[in-house]
Amino acid sequence: MKRTVTFLIVVCMLVLSLSSAFAVSVNDKVDNSQTVVNLLVDSINKGDWKTYVDLQANINREGIQGFINDADNAKNGLGIFNVKSAKIKEMKALSDDVVAQLTNLSQYKQQYNEVQAYLVGIDYRVKKENKYFFNGVNYNLVVLGKEADNWKVIEMSDAPLEILIPAGYGFGSEDEKEALKIIKARINGDIVNKEGKLIESNKASYRGIQIEKGINSADIQEAPMGVLSTGDHVRPDYIRVYHDRSSSDPNYHKTISTDFYYYVKNVLPNEWYSTWPSESLKAGAMAVKMYGWYHVYHLKWPSLNADVKDTTADQVFIDNTEVSSTTTAINNVGGVGLENSSGAVFETQYLAGTQGQPGTQSSGKMSQWGTKYWADQGTKTYIQMCHYYYDNSDKSSGAIATFSY
Amino acid sequence: MNRFFILLFSVIFLLSFTSCSNETKKLNTNPEQQLNQSQNTQLKQNIQTDLYQISIPKEWTAEKLDGNILAFKKENKKIGGLDIIGYYPEQPISQLEPNHSEVIESKTLEGFFTEVVKEKLKITPPAASGETTVTEQVHLFFIIKEKKIAYDLYFNTADVDEQTALNIAKSLKLK
């Protein structure tokens, strides 16, 4: 019995010593990785780009080094070169279950022995306020991974305060509330600074929308007071188009910001036969408009800084090709948008289909020939055609709906 | 009785120790090791961009376009390419498919450094073009969730056989 008691004591001591060792290890993890965040922000503040690059994980280092080495980036104050000073205002470690909702934590955990993430409020002073930086406290998600016993930065991105704060993971500070206002304005298409000054906007004007509806410019009245569209329901003012279709195009291999209405007018006749019945053209007008609209909010070609290409990869866009019948169809559906059963704008993909056939129901892809088929039958309106292709598809788990803008 | 207790505690202690060590054990699932085993020796031309490197057959050419995009050509005819596309985790996989395409076959591939979805697509020109030519392409979408992008490696199936496409896909390495 004595031996048993002795053995039990030994086991308990072992268990206690192991658990205390783990406790120390967790604290060390936070302390050491936090130091790296401090060093990172300090390097930005001092313009110490060697340290800034050294602190990056291998996977990012070369790309960041390339950006730093490009003299034009420094000259034009692009990216991190825009920062005049940076100082940490507040910082907190985030638990894995929170981080998993914000980034690809499981993949990071496969690549790194240890991962730690922080919500960091950094007080920036910048050369020029833009959609990436504003003067005041900006909030970043900084994710670190352990590479050969050293903590390295694997991600530094805008913190989604609009998710973190309602979920109770914010700081509750005044700076944070101000940053949230800026983020909310950004979601609505306005890039504003801390003082609420508009820096940049991609929101169509009331006048622009009336013109899209086919109303004569001279007849347009003052904008009425009312509920404004928000989020991705705000009709974009312009779309960035990468010209890749023809080497004879003077804008070949350039990304051009194009008036959104002009874009839709110069796509539809290149996609739908302009001689087709009006309901078919209206269905096409909805698909073309909402495809472009979706991509303004979901940039498709990040390395080209373009929302869409002017080719069949997206929609065929050719300058000055508008036709009256297709423009009339666009005017007739002006002010009407499409949303999926979750209330979000979705990618209204389409394909040619087969002449004389309706195409596949709920495929998530409208058939161009299918819209001609339905219009000839006279059994479906353009909205019913949209329902036929997009309801209960990968784009919308239930029925799609229209919204006004 | 004492011996029984000693034995019981020893077994519990050993078991708990074993389970702890299992938590830190790393499985040897290095995809690069697996990929090197099937490296095709025919891919003798290594293409380097700022973001990635990839190997293609020596008789092909790779045209480097803006934004680290590639166009593969054989005897001056475009037979495939590599695009970089925005990826949004909350959106369906069809977000990666070009407009005007229809999916013939889709599957997720194993053994790559990231999630790879292979799709065989039928691509038709716009109805208004009056053309009816159908192009069949195989697309390999390398999804990089944390960067919200996907590398779209694609080939015309009439010009590039599936094994060559897969071998080229296996040679893709991000920097």
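**Exercise 1.** Leaving aside its neighbours within four places in sequence, with which residues is Ala150(B) in contact?

*Solution.* The structure is a predicted model, in which local features need pLDDT of at least 70, side-chain atom pairs count only at pLDDT 80 or more, and totals for chains, interfaces and linings use all residues. Residues are numbered from 1 along each chain as its sequence is written, while chains are lettered from A and ligands numbered from 1 in the order in which they are written.

Step 1. Apply the contact criterion, namely C-beta atoms, placed from the backbone, that lie within 7 Å. With neighbours within four places in sequence set aside, the partners of Ala150(B) are Ile85(B), Tyr87(B), Leu96(B), Phe141(B), Phe142(B), Ile143(B) and Ile144(B).

Step 2. A residue is buried if 20 or more other C-beta atoms lie within 10 Å of its own, exposed if 12 or fewer, and partly exposed in between. Ala150(B) is buried because 26 other C-beta atoms lie within 10 Å.

**Exercise 2.** Identify the residues that touch the most other members of the largest nonpolar core.

*Solution.* Step 1. Such a core is a set of buried Ala, Val, Leu, Ile, Met, Phe, Trp, Tyr and Cys residues joined through C-beta atoms within 7 Å.

Step 1. Of its 79 residues, Met286(A), Cys386(A), Phe142(B) and Leu153(B) touch the most other members. Helix α12 (residues 278-297) of chain A supplies the largest share, 11 residues.

Step 2. Beyond four places in sequence, Cys386(A) is in contact with Ala283(A), Met286(A), Leu338(A) and Ile400(A).

**Exercise 3.** Describe how strands β3 and β4 of chain B are joined.

*Solution.* Step 1. Two strands pair if DSSP finds at least two bridges between them. Here 5 bridges join β3 (residues 61-65) to β4 (residues 69-74) of chain B, and the strands run antiparallel.

Step 1. Leu65(B) has Ile69(B) in β4(B) as its bridge partner.

Step 2. The two strands form a hairpin with 3 residues between them, and Gly67(B) in the turn has a positive phi of about 65°.

**Exercise 4.** Characterise the side of chain B that touches chain A.

*Solution.* Step 1. In chain B, 33 residues are in contact with 42 residues of chain A.

Step 1. The largest share of this side of chain B, 5 residues, comes from α1(B).

Methods:
Contact = placed C-beta atoms within 7 Å. Helix = DSSP H or I, 4+ residues; strand = E, 2+ residues; numbered from the N terminus. Nonpolar A, V, L, I, M, F, W, Y, C, P; charged D, E, K, R; others polar.
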